Amino acid sequence: MLFQVILTTECNLECRYCFGEALKDVDADFPDFEIDYYLPNRIGYNIDSLDRFCRQDPDCVLTFYGGEPLLCIDEIRHILDNVKAKHFLIQTNGLLLNHLEPKYVNRLHTILVSIDGDEALTDFYRGKGTFRKVINNLKPIRRNGFKGELIARMTVMEQTDIYKQVRWLLDNDKLSFSSVHWQLNAGFWNDFTRRDFREWSETNYNPGVCKLAKFWVDQMENKGEVLRIYPFLGIAQSLLLDERQNLLRCGAGWTNYAVQTNGYITPCPAMWGIRNYYLGHISSTDPLKLKKIFVGEPCTKCNVFNICGGRCLYANVTKRWSPAAYDLVCKTVRNLIAATSKEMHRIRKLIENGRINLRDFEFMKYNGCEIIP
Ligand code: SF4
Ligand code: SF4
């Protein structure tokens, strides 16, 4: 099991798609849910109870999560020193990474760092100067002995040219990433009417994804290299293995859960504070017996459900976008699946002739890359 440990609800950035949206969404209520508005800002339970909880599962994987988890750097050190887990991961904006000593950084299996592309785009979404600070903090980590996976985690919306920005992250003169994942900011806020999602997704994003899928396979052909572009990697691996799973690819609610700052367990970090989805508490719940939560309609009636898996439990249950608006998101999913499927005959041929290997498509499942953006 994997647990995203929310160390704090606070953040040291005010990104457009998160802080900015939260401000505009301030009067958007959740009439169908009972909301807990009084969660502690920072981890408020004893770390021994997290250790006892985790020890019950020999495969317990913990991800430091927030807000910005590195605002709780002492707690991170304490957990790394005292909690027994199979692996530790972190999802961070990277701004405080330079404060965590290499002996701790090097114990992390994976670092998912939020970066949206080149300097102009990252700073547009995340604030001026963010890009440089993050890159400067990331540069020394390999030199200091970090051997894990470093994943560029993009948040994508209307200002993003997906083809250009993913290619930039993979190959640039500042810091090239070998792993890239992105998530669409779509369906998380009551913001569809003030956005231009339709136009952008149809004229820019969807064609960009098709072009990127072709580039991905061209690289396999030309260089014998399977780039770790997670949405393609996950879908192509499923198609190669003929895997059909009607389960969320992010793992939320069935293998991946979040632990709130007060120790209550929810299916995913985005669902913190929704009491209807409190599934237990780390002091009293057996991690291996946690209730499982699954997506409902429209996903369960969708003809690509067995590849998509439902995209997002939070979006599925909260329905912040109307069915017609969310259908545009589903069109992006269908496009991604079609773009990957279209390239499969080339991929299969490259595997057959030994240019690439099936093992090149392996990755740690549910590591924070949701596969379906
Ligand atoms: S494409 Fe849309 S409706 Fe279909 S399974 Fe995915 S999220 Fe659900
Ligand atoms: S995709 Fe949705 S359900 Fe899954 S982890 Fe992200 S917000 Fe939660």
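How do the axes of helix H9 (residues 230-241) and helix H12 (residues 323-342) cross? In this predicted model, the two axes come within 10 Å and cross at roughly 60 degrees. Axes here are lines fitted to C-alpha atoms, for helices over the stretch in contact, with angles running from 0 to 180 degrees between N-to-C directions. Helices (H or I, at least four residues) and strands (E, at least two) are DSSP runs, numbered from the N terminus. The crossing of H9 and H12 is right-handed; a crossing gets that name if the near helix is turned clockwise from the far one by less than a right angle, and is left-handed if anticlockwise. On the H9 side, the contact (heavy atoms within 4.5 Å) is made by Pro231, Phe232, Ile235, Ala236 and Leu239, and H12 contributes Leu336, Ile337, Thr340 and Ser341. By class, seven residues of this contact are nonpolar, two are polar and none is charged. Ala, Val, Leu, Ile, Met, Phe, Trp, Tyr, Cys and Pro count as nonpolar, Asp, Glu, Lys and Arg as charged, and the others, Gly among them, as polar.

Residues are numbered from 1 along each chain as its sequence is written, while chains are lettered from A and ligands numbered from 1 in the order in which they are written. Local features need pLDDT of at least 70, side-chain atom pairs count only at pLDDT 80 or more, and totals for chains, interfaces and linings use all residues, with side-chain values using heavy atoms and leaving out hydrogens and water.

Turning to the sheet, ten strands form an open arrangement in the order S7-S6-S5-S4-S3-S2-S1-S8-S9-S10, with mixed pairing; two strands pair if DSSP finds at least two bridges between them. At the edges stand strand S7 (228-229) and strand S10 (280-281), each pairing on one side only. Helix H8 (residues 197-223) packs on the sheet, where it touches strand S5 (149-156), strand S6 (179-184) and S7, and its direction makes about 160 degrees with that of S6. Strand S1 (residues 2-6) and strand S2 (residues 61-65) run parallel and are joined by five bridges, with Val5 standing opposite Phe64 in S2.

The whole structure contains one disulfide, defined as a pair of cysteine sulfur atoms within 2.5 Å. This bond joins Cys54 to Cys60, with an S to S distance of 2.0 Å. The torsion about the S-S bond is about -90 degrees, so the disulfide is left-handed. Cys54 counts as buried because its relative accessibility is 1%; the cut-offs are under 20% relative accessible area for buried, over 50% for exposed, and partly exposed in between (1.4 Å probe, protein chains only). Cys60 is likewise buried, at 1%. Cys72 is in no disulfide, and the nearest cysteine sulfur, that of Cys11, is 12 Å away.

Several loops hold backbone features worth a look. The peptide bond from Gly66 to Gly67 is cis, with omega near 25 degrees, and Gly67 sits in the loop between S2 and helix H3 (73-82). Another cis bond runs from Glu297 to Pro298, with omega near 5 degrees. Arg311, although not a glycine, has a positive phi of about 60 degrees and is buried at 5% relative accessibility. Lys319, in the loop between H11 and H12, has a positive phi of about 45 degrees and is partly exposed, at 46%.
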